[in-house]
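Subject: Model for you to look at

Hi,

Here is the structure we talked about. Please open it alongside these notes.

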Amino acid sequence: MNEEIRKTTGSSKEDAALVRAVQKGDKAAFDGLVLKHKDKIFNLVYWFLGDYQEANDCAQDTFIKVFKSINKFRFESAFSTWLYRIAMNTCKNRLKSSAFRWRRRTVPLGNPEGSGDTNPCFEIRDNAPSPVNQLEKKERRLLIQKAIYSLPEAQKRVVVLRDIQGLPYEEIADITGLNLGTVKSRLSRARLALRNRLKGRI
Amino acid sequence: MECARIKGHLSEYIDGTLDAQTRVSVEDHVSTCSNCKAELASLSALVEELGALETVKAPADFLEKIHEKMEPRTNFYRILRKLFVPFHIKIPLELAAAATMVILVVSVLDIQQAGKQVTQIPDVATFERFDREPEAFHEVPAFRESVKRPAPVFDPTIVRPSGSEPVVLARKGLAKSVQPDFEREPEPMAPAIGKAVSKPPVWTGLSIELALLLKTDVSGRGDERGAALEAMPPVESDLAADEEEKTYIASFKKKAMKQQAGTVSGIKREDLKEESRSLLPQTLRGSALKDDSKPSLAYSYREDSLSRVKHVIQSLGGRILSVKNELQKERPQSLDAEIPFENYELFCEKLGRLGTLSPSPPELRNKGQETVRIQINLIFSE
């Protein structure tokens, strides 16, 4: 998954060009940015919030914020870094909101609401999936999702950015605003905590 | 100790971000330590598992939803949204609006009822209290047209209340005599403001009635009357009186002294009571009254007293409305005057120097009236 994310990310130069076009008023360029980064951002917020519908709303809000503040982007960092930063802040605010907390009490984690349209769309990597394998995978995913969700926010952030999104330490430091040593130590503690929660279940 | 240090580097070792020296030390330790080896294995599996998780993709209409959120909302859309607001939001809002309306209606009704109470006319009971208290001043008409018989407002024989029955009866008689002899028109009832309160009645009338027992000289001798006049302490206003007033005062005194000294012959004997005659100087007692047109000593005394009272009134900017005489005896009985309200206290002070006021002048509250009407019943001690 990490390799796929890196491929779909594209070059930062391509992003910069699109951003400049959007800043000049090109709405189609904005659509291009959305289409290029939507899955990456959606995946990030999904594993962070632990709910598909919440992730959908949060991801949409992230891109809307990007559009509204596109003129503030100074090209001092990569567009993706800036985009991730906005996504993390949007997730953080959403976690604090009372609506989210109320919803978390009523809707269990990993149980998508509504009809089949809101079911998460997972890529099936196994070429010859058996029903047993699929069920096992689904169960394991659910376990991991709950374990990640239960981590403290600071640890959750670094684990998702590093182990799920596959970002390098330096970019994680840039996105979170932490220094490199803190990112490494936090990641070490997060992995240990996650391992302990999942001990014997995988 | 070594295991703890190595465990701290395992995460970076998995990511391949350790420096060469640290990486070698970790590998050497792990090869010899089973615990750290197991720890490394479990962490590596976890990281691998996390890396293998499927990507959760955005829905197909993701971009379309973003466009919808970013588009400006038209009035029609806004109306639609308002109409189809979810019930769990709509109902509480409507309830809140209904509750607000109820509160407003109740408040308006409350204010209207309060306004009605203010304009309500009180019943007679609130005015009956005035009549029940005999010692309070009654509201008398501003001007008394005529007096059929004298009302003894002040009786010197009933001076000191001792609580005995005769005194009580005298008091009642006194109270009764204060009331006017003729019927008066019922006073218009003033609207009561607020609820009836059991407070003592407050004098707010514009006219009062006083009795003045006019002073005479202590010995009763007429020849010393001039001295009594001279000895009379000057009132403050007299000191500040203008020239005209001073001239009047001086001539008044001169006249009184003249009468005492040289015009005794003009006094009518029949106008004097026996006691007054006995007070006359010896030289004058046997004098025949030759000139009946000239006033008697007693008559002069009464006229002087009246003049003094008149002067007091006029000096304070007041005016004399009428002077009533006793029908049979042709002597001044009472005087109706009107003085400025602001000079009322000074007027009472000046009047007090001329005689004894009874009852004591009441304190008046300024209700905006400009003048006070006073009826002074003159009582001569002869």
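Start with helix H1 of chain B, residues 2-15. This is a predicted model: local features need pLDDT of at least 70, side-chain atom pairs count only at pLDDT 80 or more, and totals for chains, interfaces and linings use all residues. Residues are numbered from 1 along each chain as its sequence is written, chains are lettered from A and ligands numbered from 1 in the order written, and side-chain values use heavy atoms, without hydrogens and water.

**H1 of chain B**

H1(B) has 14 residues and reaches 21 Å from its first C-alpha to its last. That is close to the 20 Å expected at 1.5 Å a residue (1.5 Å times one less than the number of residues). Helices here are DSSP runs of H or I with at least four residues, strands are E runs of at least two, and both are numbered from the N terminus.

H1(B) is kinked by about 40°, centred on His9(B). The bend is the angle between axes fitted to the seven residues ending at a residue and the seven starting there. Just after the helix, Gly16(B) has a positive phi of about 75°.

Which residues of H1(B) are buried? They are Ile6(B), Leu10(B), Ser11(B), Glu12(B) and Asp15(B). Buried means under 20% relative accessible area, exposed over 50%, partly exposed in between, with a 1.4 Å probe and protein chains only. Their cover comes from both chains: it includes H8 (153-164), H9 (169-176) and H10 (180-197) of chain A, plus H2 (20-32) and H3 (34-51) of chain B.

**Chain B overall**

Chain B has 15 helices and six strands. Of its 382 residues, 31% count as buried. Contacts are heavy atoms within 4.5 Å. Among those in chain B with a separation of 6 or more, 73% join residues 24 or more positions apart. The accessible surface is about 24,900 Å², 56% of it from carbon and sulfur atoms (Shrake-Rupley, 1.4 Å probe; for residues, only the protein chains shown count as cover).

**H2 of chain A**

Now to Val19(A), in helix H2 (residues 12-23) of chain A. The 12 residues of H2(A) should span 16 Å, and the end C-alpha atoms are 16 Å apart. Gly25(A) follows H2(A), with a positive phi near 110°. The buried residues of H2(A) are Asp15(A), Ala16(A), Val19(A), Ala21(A) and Val22(A).

Val19(A) has a relative accessible area of 0%. Leaving out residues up to four places away in sequence, Val19(A) touches Leu33(A), Ile70(A), Phe73(A), Phe75(A) and Phe79(A). Phe79(A) is 60 residues from Val19(A) along the chain, yet their C-alpha atoms are separated by 8.0 Å.

Best wishes
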